[in-house]
Amino acid sequence: MKVRISADSASFEIVLKDTPTAKALVAALPFEARAQTWGEEVYFTTPVSAKLEPDAKQIVEPGTVCFWTEGDALALPYGRTPISTDERPKLASRCNVLGHIEGDPQELRKIRAGDRISVSRA
């Protein structure tokens, strides 16, 4: 499954795994949100609520597409967060791993807090 995420300054596709949360996200498309940032992570709320899945993680690789169940939000880390202990992103808490960003996750640097985000089928 592929999803397109577009902001004023960046546009990219994400490839989703076959998970319950990913399926719920696709079923909720399209939607819009406002970007928020936390260190080198962009996140935004979604119309989806989900429970933690068995493979949920707190430390991930840059470009991993995560779902933060505590905030009903997609979390898109591309580098260190304020609580990272090494170069890898450390999320605020364990998150469902939904897939990965196609291309260079550093493109997320272009997105600023408050930017309008559109999420649609690719």
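**Reading the fold and its aromatic pair**

In this predicted model, the elements run β-β-α-β-β-β-β-β-β-β-β from the N terminus on.

User: How many helices and strands is that?
Analyst: The chain has 1 helix and 10 strands.

User: What makes the radius of gyration agree with a compact globule?
Analyst: A compact globule of 122 residues would come out near 14 Å, and the chain has 13 Å, so the two agree. Along the principal axes, the C-alpha trace spans about 35 × 35 × 25 Å.

User: How many of the residues count as buried?
Analyst: That's 47% of the 122 residues, where buried means under 20% relative accessible area.

User: Why is the pair of Tyr-43 and Trp-68 called edge-to-face?
Analyst: Ring centres have to lie within 6.5 Å to pair, and planes over 60 degrees apart count as edge-to-face. Here the centres are 6.2 Å apart and the planes sit at 85 degrees, so Tyr-43 and Trp-68 make an edge-to-face pair. They link distant parts of the chain: Tyr-43 is in strand E5 and Trp-68 in strand E7, 25 residues apart. The count comes to 1 aromatic pair.

Conventions:
Residues numbered from 1 in each chain as written. Predicted model: local features only at pLDDT ≥ 70, side-chain atom pairs only at ≥ 80, totals over all residues. Heavy atoms only, no water. Helix = DSSP H or I, 4+ residues; strand = E, 2+ residues; numbered from the N terminus. Rg over C-alpha atoms; globule rule 2.2 N^0.38 Å. Buried < 20%, exposed > 50% of the residue type's maximum accessible area, 1.4 Å probe, protein only. Phe/Tyr/Trp six-rings, centres within 6.5 Å; stacked < 30°, edge-to-face > 60°.
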